[in-house]
Amino acid sequence: MMFEFRVQAVCPETGARAGELVTPHGIIETPVFMPVGTRATVKAMSPREMEEIEAQIVLSNTYHLYLRPGVELIEKAGGLHRFMNWHRPILTDSGGFQVFSLSGINRIKEDGVEFSSHLDGSRHFMTPELATRVQEGLGSDIAMCFDQCVELPCDEETARKSVERTLRWARRCKEVHRRDDQALFGIVQGALFDDLRKDCARELIAMDFPGYSIGGLSVGESHDEMYRILDLLNPILPQEKPRYLMGVGFPTNLVEGVARGVDMFDCVLPTRNGRNGTLLTSRGKFNIKHSRFEEDWGPIDPDCDCYACREFSKAYIRHLYRSGEMLGARLCSWHNLRYLISLMKGAREAILEGRFPQFRDRFHELFSTGKV
Ligand SMILES: Nc1nc2cc3nc(NCCc4ccc(CCO)cc4)[nH]c3cc2c(=O)[nH]1
Ligand SMILES: [Zn+2]
């Protein structure tokens, strides 16, 4: 069996799930946080270090790799796992989001999206078929349909059109998808409109995908709006299939997403914010450049087991950061990634042991103290 998802435990009070996702490159224990390695590397981290922090699966981007170095080169290397020397699971995003958020002058047509490369302005035309073929060439374990994610705020008519296009494009992706060692997920759109979200989910479920992504969120909506959409979709999406909330995220959103039946998350937050000194800890977040850490000899997070927290002081990491030393960015990214991976590991153990509500309350109590 190439691809299988087993729900091992469900929290009776919230519906939070602990599961196992079997892929050709290994078993993923969920809930899981997926570090983002957009251009075939999780910035500043080596594969060996990613294994040390127990990263189970990394995300990469079709849009970026298609533009550079090109899928042909990666196919010659034997696929993305071999090219980047990461032999655990990989999930690729389809480019639906990146084409709109990164490229210049994009024009949506029924057939696909015309866009100019953010690298050199060259013109390209991405279609559902091309996005699917590129992901098959990359050889990721989990691929995404090519979808249209609308910016918020957006009126209902615009959102409805994007849902209808996303569904037509999902059918076209499924039509051309051939690799049986790669799972293609459908992506639910519909902005913040309940009926559009339900209709989109139902149509995708009828196409019978092995997993379902919740797109169109983490694009500026409030936490309450995000949670309302999750509450809406949780009972509709098949319980026996994985649910992946795209682009999330911040620790509180991860824990509240788990409480609403989400199994998989990804976000650039830990590495991007890590590089500018923002640290996520069990007691809230802070920025290492603050003067209060000048003579702080303690670890970033006393409850963290990562290399940065075991071996270095905040004072030293602050010095590295202020000096623009690469090790500063590395240690902050290293810690933030391990913190989110550990947070999901803790949630999983709590669900398996029947104490997720307590885990959730304790998390919020400690994280909101913000006293660091
Ligand atoms: N195919 C597809 N991919 C997506 C990726 C996404 N990523 C997001 N949000 C990420 C937002 C995000 C970006 C940067 C940072 C760190 C800086 O503070 C945090 C969050 N929403 C997303 C929605 C979609 C979507 O509908 N379809
Ligand atoms: Zn740490």
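A search of the whole structure finds 30 salt bridges, a salt bridge being a side-chain nitrogen of Lys or Arg within 4 Å of a carboxyl oxygen of Asp or Glu. This is a predicted model, in which local features need pLDDT of at least 70, side-chain atom pairs count only at pLDDT 80 or more, and totals for chains, interfaces and linings use all residues. Residues are numbered from 1 along each chain as its sequence is written, chains are lettered from A and ligands numbered from 1 in the order in which they are written, and side-chain values use heavy atoms, with hydrogens and water left out.

**Charges**

- E29 and R348 form a salt bridge, with 3.6 Å between the closest N and O atoms.
- This pair links distant parts of the chain, 319 residues apart: E29 is in strand β3 (residues 26-30) and R348 in helix α14 (residues 326-352).
- Helices (H or I, at least four residues) and strands (E, at least two) are DSSP runs, numbered from the N terminus.
- A surface patch of positive charge gathers R39, K43, R68, R272 and R275; its members have over 30% relative accessible area and no salt bridge, and like charges are joined within 9 Å.
- Lys and Arg count as positive, and the charge is placed at NZ of Lys or CZ of Arg.
- R272, a member of the patch, is found in helix α11 (residues 269-275).

**Ligand 1**

- Ligand 1 is surrounded by 19 residues (a heavy atom within 4 Å), and the closest are D93, D147, Q189, G216 and L217.
- Polar contacts are pairs of N or O atoms within 3.5 Å.
- The side chain of D147 has an N or O atom 2.7 Å from a nitrogen atom of ligand 1.
- An N or O atom in the side chain of Q189 is 2.9 Å from an oxygen atom of ligand 1, while a backbone N or O atom of G216 lies 2.7 Å from an oxygen atom of the ligand.
- The protein buries 79% of the 590 Å² that ligand 1 exposes when taken alone (Shrake-Rupley method, 1.4 Å probe).

**Backbone**

- Most residues other than glycine have a negative phi, and most peptide bonds are trans.
- The peptide bond from R68 to P69 is cis, with omega near 10°; P69 lies in the loop between α2 (62-67) and α3 (71-76).
- V248 and G249 are joined by a cis peptide bond with omega about -5°, and G249 is in the loop between β13 (243-245) and α10 (251-259).
- A40 is not a glycine, yet has a positive phi of about 65°; A40 is in the loop between β4 (32-35) and α1 (47-52).

Key: Patches are made of residues with over 30% relative accessible area and no salt bridge: like charges are joined within 9 Å, nonpolar side chains (Val, Leu, Ile, Met, Phe, Trp, Tyr) within 5 Å. A polar contact is a pair of N or O atoms within 3.5 Å; within protein, one must be able to donate a hydrogen and the other to accept it, and residues adjacent in sequence count only if both atoms are side-chain atoms.
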